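Me: I'm new to reading protein models. Could you walk me through one, feature by feature?

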Amino acid sequence: MNKPLRRIAVFCGLLVLALLIRDNWIQYVQADELRTDKNNRRVTIERYASPRGDIIVDGKPITGSAETSGSDYKFKRTYKDGPMWAPVTGYASQAFGATQLESIEDGILTGNDDRLFFRNTLDMLTGKKQEGGNVVTTLNSAAQKAAYNGLKKQGGKGAVVALEPSTGKILSLASYPSYDPSSFAGNSTTTDTDAWQKLQKKNNPNDPMLNRALRETYPPGSTFKVVTAAAALEDGLYTEPNEKTETPLPWTMPGTTTPLKNEGNIPCKNATLRVALQYSCNTVFGKIGSDLGNDKMLDMAKKFGFTEEQFTPVRSNASVFSDDMNPSETALSSIGQFNTAATPLQMAMVASAVANDGKLMKPYMVEELQARSVDTIARTEPEELSQPLSPENAQKLQSMMETVVDKGTGSNAKIPGVTVGGKTGTAQHGENNSENPYAWFISYAKGSDGSTPVAVAVVIEDDNAVRDDISGGGLAAPIARNVMEAVLKSKQ
């Protein structure tokens, strides 16, 4: 080969090499960047080219897909009883993205998850369209319906969480007011965008898109006295429910001239732990918190899950119990006021741990992930988070909570023939208690076989809540009772 031809051959070879390098650079190095580029519509068109997998409750889908017209996005998401299930599903919108399970498990639902690679490869070889998998939840539809309808009947704002104490399965996760994710699942600038704008907090002060069960922290009021009672028993400050406490009346908070007040004329002087929980004595539990001190109270709160975010897998805000408090601040925090704040999930965890003989299980709402063929891709196994109480002390605290329902402020949670334990509370908030109080109730119910299949927390923002505990017992306890009954019936 003469010299000019060799030069041309070398030059052409270099061009081919450069082309190969560039092609591989684009396909492998820049692939993710190009795939996620906001100007690349091919990816989003492909994303909505097939029906999305479903979110499953009690073996039935609570989601679906519908064909659209007038758009190059072929399928959009639909929801059954959307407002009731929105705190569980979140939303998947062509225009506004996705949240909660729709976002966290997006890879499974769209079929793009790497764990579906082998099945997707077979589909490519056979020419079959890629299909999304399913997300099977732990939710109980009867419990969710009881929770949502109960909140809706009250008409205010609130949330309910129900857990299975032995496993940590979330049985109900309700928030009110809520929204219908179907209303903005498409990308229409007239219908979907208008629906979205109407739901935003700036346009709707009720903030229906806020997941109050997981993302709102409230002062827990007297329901926190269950944590304080647990701390007293575990520390050995008091060892028996019927042991009298050393609590004068009035009791002045340390370092102040301010007596801690009880609500009404109730028998709190040197009351036993059982009587103090039955009547919800601020003086008894405030003094216990002050006597134990900030460090011991904080340690117990942490064992129940306070100060840490929870991932169900949807993230829940961390509940708050402060450190570096003086004795009087610790006293107020120990009755669920001052800086103490908790999500409904957190207070359900408190009731669940007590009901489960002191063992706290990690809360979760996804049972398993499935391929469209219903083959299991992944399964969630129950996981122990902590042991806040010994079994012996947990059983003592159970007997105290059962007295609250049998003879105290939680009588509206009674279920005939069923052992129920609970604790009521009404938490004041705002400067000079100027804002709406929160009515609380936490509880558990035991089955006829002695098992405890359900623990519940209910919170309601209530204009009419005035006296501590009466509002929690009057407004929140009936909702908890209905949720517990729904779970018990489903187990029969």
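Me: Let's start with the rings. How many aromatic pairs does a search of the whole structure find?

Reply: A search of the whole structure turns up 12 aromatic pairs. Rings of Phe, Tyr and Trp (its six-membered ring) pair if their centres lie within 6.5 Å; planes under 30 degrees apart count as stacked, over 60 as edge-to-face and the rest as tilted. Before we go on, two notes on reading this. The model is predicted, and local features need pLDDT of at least 70, side-chain atom pairs count only at pLDDT 80 or more, while totals for chains, interfaces and linings use all residues. Residues are numbered from 1 along each chain as its sequence is written, and side-chain values use heavy atoms, with hydrogens and water left out.

Me: Okay. How is the aromatic pair of Phe 96 and Phe 184 arranged?

Reply: First the general idea: a pair of aromatic rings is described by the distance of the centres and the angle of the planes. Here Phe 96 and Phe 184 are edge-to-face, with 6.2 Å centre to centre and 75° between the planes. Phe 96 sits in the loop between β5 (92-93) and β6 (97-98), and Phe 184 in the loop between β9 (170-176) and α9 (192-199), so the pair ties together parts that are 88 residues apart in sequence. Those labels come from DSSP runs: helices are H or I with at least four residues, strands are E with at least two, and both are numbered from the N terminus.

Me: Are those two buried or exposed?

Reply: Buried means under 20% relative accessible area, exposed over 50%, partly exposed in between (1.4 Å probe, protein chains only). Phe 96 counts as partly exposed at 25% relative accessibility, whereas Phe 184 counts as buried at 0%.

Me: Which residues do ring pairs link into a cluster?

Reply: The cluster is made of Tyr 91, Phe 96, Tyr 179, Phe 184 and Trp 196.

Me: Trp 196 is in α9, I see. Which residues are buried in α9?

Reply: An α-helix has 3.6 residues a turn, so residues three or four places apart point the same way. In α9, the buried ones are Asp 192, Ala 195, Trp 196 and Leu 199. They cover an arc of only 100° around the axis, so they sit on the same side of α9. That arc is taken from the directions from the helix axis to the C-beta atoms.

Me: What about the core? Which residues have the most contacts inside the largest nonpolar core?

Reply: In soluble globular proteins, nonpolar side chains tend to be buried together. A nonpolar core is a set of buried Ala, Val, Leu, Ile, Met, Phe, Trp, Tyr and Cys residues joined through side-chain atoms within 4.5 Å. The largest one here has 114 residues, and Phe 304 and Leu 397 have the most contacts inside it. Leaving aside neighbours within four places in sequence, Leu 397 is in contact (heavy atoms within 4.5 Å) with residues including Val 226, Leu 233, Leu 277 and Val 354. There's also a second, separate core of 9 residues, which includes Tyr 79, Tyr 91, Tyr 179 and Trp 196.

Me: How many disulfides does the structure hold?

Reply: A disulfide is a pair of cysteine sulfur atoms within 2.5 Å. The structure holds 1: Cys 268 and Cys 281, with their sulfur atoms 2.1 Å apart. The torsion about their S-S bond is about -85°, so the disulfide is left-handed. Cys 268 lies in the loop between β11 (259-260) and α12 (273-279), and Cys 281 in the loop between α12 and α13 (282-292), 13 residues apart. Cys 268 is buried at 1% relative accessible area, and Cys 281 is buried at 0%.

Me: Which peptide bond is cis, with omega near 0°?

Reply: For a cis bond, look at omega: the bond from Tyr 176 to Pro 177 is cis, with omega near 0°. Pro 177 is found in the loop between β9 and α9. Another cis peptide bond joins Thr 312 and Pro 313, with omega about 15°.

Me: Last one: what is the order of strands in the open sheet?

Reply: Two strands pair if DSSP finds at least two bridges between them. The open sheet has 5 strands in the order β2-β1-β7-β15-β16, with mixed pairing. Its edge strands, β2 (60-61) and β16 (376-379), each pair on one side only. Inside the sheet, β1 (residues 55-57) and β7 (residues 134-137) run parallel and are joined by 2 bridges; the bridge partner of Ile 56 in β7 is Val 136.
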